[in-house]
Amino acid sequence: MDTSTRINRLPRVLIVDDDMALRLLTREALADLSVQVLEASDGEEAVEAFRNQPADLVLLDVQMPRMDGFTACHQILGLPGGHHTTIVMVTGLDDHDSIRHAYELGVTDFITKPINWTLLPERIRFLLRTRETLQALRESEAKLNEAQRIASLGHWEWNLEDDTLFWSEEIYRIYGLEPGKFQPSNTKFLALVHPGDRQMIQASINHLIGSDKPYSVDHRIVRPWGEVRIVNQQGEVQRDTSGKPVRMVGTTHDITEREKAEQRIHSLAHYDSLTDLPNRHLFRELANQALASAQRRGRILALLYLDIDRFSRINETMGHHTGDLLLQHIAKRLTHCVRNSDMVTHSTLDNIEPYTLARLGADEFLVLLTCLESPDSASVIAQRLLDDLSQPITVNQDEYILTASIGIALYPNDCSDLDTLFQFADTSLHHIKQTGGNGFHFYSSSVDKRSHRRLSLEGHLHRALEREEFELHFQPQTNIQDGRLLGVEALLRWHHPEEGLLPPVDFIPLAEETGLIVPIGEWVIHTACRQIAAWQQEGHDPAPVAINISARQFTEASLAQTISSALSDNKLLADRLELELTESMIMQCAEATREKLSIFHESGLRIAVDDFGTGYSSMSYLKRFPLDTLKIDHSFIRDLCSDSTDTAIVRAIIALGQALGLTVLAEGVETVAQRDVLKQLGCEFIQGFLISRPVTADRIYPFQIQ
């Protein structure tokens with residue numbers, strides 16, 4: 001019976017006797033007690049009554065027809081709830097065998113006939129109170145056992161005089177042993193301790209016995225089947241009046257999962273989960289140690305900042321899973337190459353490793369060379385890294401040829417502190433990337449100047465919006481057959497106060513990095529809508545305007561509101577705008593993207609896939625997206641007339657678009673020959689210099705091919 005049951009009902013007393021008069025007298029004697037009285041005239045009836053309504057106390061006569069009290073007692077104790085029921089035998093028997101038999105069955109007490117009716121109520125009250133106390137104790141023990149089970153925490157007592165050891169139930173579970181089949185002792189406990197920790201545990205116990213201070217120690221145990229667990233032992237000594245240690249008491253806590261979690265947290269904080277290389281945080285710690293050692297010993301230190309060329313294309317084309325597998329191969333190659341380089345002196349001075357390799361993030365790695373023979377050694381190692389990475393890597397039966405770019409900065413040649421070393425290596429990396437990659441470059445002041453230009457450009461970009469330095473140009477999109485205007489693409493231009501008109505390629509990547517692409521993108525949407533309204537006021541029927549949406553802008557929750565406000569402010573229908581998203585953007589978080597595009601499409605906006613064919617998509621996903629237009633990337637148009645592979649790709653994209661009921665538009669059309677091939681392949685719409693370069697808004701209408 002649980003606590004709630006005790007609170008919500010009166011205790012039940014079941015009177016079992018074949019003498020009706022005796023049952024009546026008993027009921028009357030209990031009238032002043034706060035109990036619910038039930039009756040049964042024999043053992044069978046008592047068992048059935050208990051099955052229907054379990055009683056807290058049973059007054060059970062011994063000699064009854066059909067089923068005697070001993071049999072009834074045995075069956076009641078076996079029923080649900082019967083195990084903890086108080087059973088009192090009411091009998092005139094006084095032989096010891098009957099009493100012993102009754103106690104063996106589980107009888108709680110005896111009342112002998114003739115019954116003292118005055119004392120009976122007090123006897124019952126006492127038994128019920130005792131039962132209540134025992135029940136509360138059992139519940140308390142159960143809660144303690146449950147709490148210890150949940151916490152994997154058990155308690156123990158060790159008698160030092162006879163080496164007997166008491167374990168709570170949870171300790172048996174922790175050690176993988178079964179209570180009743182294993183008699184613990186200190187000797188047996190030590191046998192369960194991991195061999196590598198036994199000496200330490202014995203020393204801790206000896207020290208505890210000889211002192212009054214409690215102890216706490218973590219150690220390993222070995223379960224019978226060989227599993228190793230980690231526990232925390234805490235204990236203290238109890239002494240007799242003379243100060244002699246007589247007992248040790250303590251707890252055992254299974255902390256295996258906690259230790260694993262702490263190790264995992266440490267690993268996540270200091271190591272890259274994909275490659276198991278040190279991450280940026282740990283790398284800085286190791287680099288600071290190496291720099292301090294180099295300063296003390298006058299050594300040369302080199303920082304190599306390595307980036308895989310065009311790695312994002314692999315992720316976009318083959319998927320991030322393939323990209324991750326490649327990064328794991330790359331990490332192993334870099335480790336093997338640096339570890340086996342004879343240009344690095346394997347010194348153990350100050351316990352500093354001769355090199356440290358880390359993954360900075362994405363496809364960027366750092367190599368710190370701490371024991372170089374000379375500055376030239378850094379260039380030799382850099383070239384070896386490039387050579388090793390250029391060897392084919394096979395992933396999922398596909399072969400990949402990679403190239404990399406490396407920026408190098410030296411201590412003390414270039415600088416004397418770690419942050420500047422990072423900055424100079426990064427500057428050198430940007431330089432080699434801008435010159436085409438697949439090489440390495442040492443830091444120089446000329447490279448630094450280009451880096452300063454980038455910083456200057458970033459500073460101007462932050463103020464470009466408020467200074468109204470942006471403007472939109474527009475490039476027509478036409479029907480390939482008759483030259484009719486299909487739409488126009490809005491293209492951003494920046495009137496830089498010092499460098500003049502800059503195309504997007506010069507500043508959009510920087511805007512993406514800094515997050516400025518979001519406010520700039522909002523400006524483009526509002527400006528495009530104002531221009532459409534202006535064309536309408538001039539009496540034109542303007543074609544839809546296509547606006548490029550960046551990945552960063554697309555993830556903003558405010559995008560829908562921005563578009564809605566721009567259309568509403570200028571009294572435009574939603575079909576006046578077409579949102580252009582790249583294929584790789586659409587395929588990232590495809591399901592969430594589909595839901596968002598569906599909302600846009602249902603509002604009337606047109607959706608176009610820009611640069612189609614360069615990313616990674618599948619038909620099963622593509623057909624689910626609410627699309628209107630596929631734009632064939634200009635990279636396939638450039639060699640369309642001379643490259644049969646490009647021709648096949650373009651033919652396939654056109655067929656795909658037509659099968660899905662989409663408008664197919666080819667970008668970057670510059671020659672009549674390209675236009676004619678596209679026409680033969682069935683492409684309906686084109687865009688490019690052959691039709692018109694991007695022009696200012698006043699040159700779009702009335703439209704004519706430039």
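In helix α12 (residues 311-318), the buried residues are Phe311, Ile314 and Asn315; buried means under 20% relative accessible area with a 1.4 Å probe, protein chains only. These residues cover an arc of only 95° around the axis, which puts them on the same side of α12. The arc is taken from the directions from the helix axis to the C-beta atoms. The buried residues of α12 pack against β11 (301-308) and α13 (320-339). Just after α12, Gly319 has a positive phi of about 100°.

This is a predicted model, in which local features need pLDDT of at least 70, side-chain atom pairs count only at pLDDT 80 or more, and totals for chains, interfaces and linings use all residues. Residues are numbered from 1 along each chain as its sequence is written, and side-chain values use heavy atoms, without hydrogens and water.

Helices (H or I, at least four residues) and strands (E, at least two) are DSSP runs, numbered from the N terminus. The protein has 26 helices and 26 strands. Of its 706 residues, 47% count as buried.

|---|---|---|
| α3 | 43-52 | Gly43, Val47 and Phe50 |
| α4 | 69-78 | Ala72, Gln75 and Ile76 |

Contact means heavy atoms within 4.5 Å. The axes of α3 and α4, lines fitted to C-alpha atoms over the stretch in contact, come within 9 Å and cross at roughly 15°. The two helices are therefore roughly parallel to each other, a term for angles under 35 degrees.

Note on methods:
Buried < 20%, exposed > 50% of the residue type's maximum accessible area, 1.4 Å probe, protein only. Axes fitted to C-alpha atoms, helices over the stretch in contact; angles between N-to-C directions. Parallel < 35°, antiparallel > 145°, perpendicular 65-115°, else oblique.
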